[in-house]
Amino acid sequence: VQLQAFGGGLVQAGGSLRLSCAASGRTFSSYAMGWFRQAPGKEREFAAAISWSGDSTYYADSVKGRFTISRDNAKNTVYLQMNSLKPEDTAVYYCAADSARFNWPADFGSWGQGTLVTVSS
């Protein structure tokens, strides 16, 4: 599977961004998808996940209520809508795919190229 995230950029605190991740190489609609992030000098951390059907989602406490993950299986794309952004949200954001089909909760095994999100105070 190949994953490519895009949509990052510079935004002021309190602003919004929408990230997208295009997937190719296998049956996208069979796999749970997720978003992770890695801030400078820190380890990569989980942000959000969505089941293969889109019926189930879960979020890290740090983004719950501000971020929304969604997917469009017809477009092989997963999204991350980020609202009320904070400087501590600054990170490289990566999308990820589950390692098995029709699996939930997800066990992520593939990551794509990241996209940088910078939130200024």
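**Core packing and overall form of the predicted model**

Leaving aside neighbours within four places in sequence, M82 is in contact (heavy atoms within 4.5 Å) with G15, S16, L17, L19, R66, F67, Y93 and V117. The model is predicted, with local features needing pLDDT of at least 70 and side-chain atom pairs counting only at pLDDT 80 or more, while totals for chains, interfaces and linings use all residues. Residues are numbered from 1 along each chain as its sequence is written, and side-chain values use heavy atoms, with hydrogens and water left out.

M82 is also among the residues with the most contacts inside the largest nonpolar core, together with W35, I69, V78, L80 and Y93. This core has 29 residues; a nonpolar core is a set of buried Ala, Val, Leu, Ile, Met, Phe, Trp, Tyr and Cys residues joined through side-chain atoms within 4.5 Å. Elements giving two or more residues to this core include β1 (2–6), β4 (33–38), β8 (77–82) and β11 (115–120). A second, separate core of six residues includes A32, F36, A96 and A106. Buried residues (under 20% relative accessible area, 1.4 Å probe, protein chains only) make up 44% of the 121 residues in the protein chain.

The protein chain has zero helices and eleven strands, taken as DSSP runs (H or I, at least four residues, for helices; E, at least two, for strands) numbered from the N terminus. The C-alpha trace spans about 40 × 25 × 25 Å along its principal axes. Of the contacts in the protein chain with a separation of 6 or more, 58% are accounted for by residues 24 or more positions apart.

Key. Buried means under 20% relative accessible area, exposed over 50%, partly exposed in between (1.4 Å probe, protein chains only).
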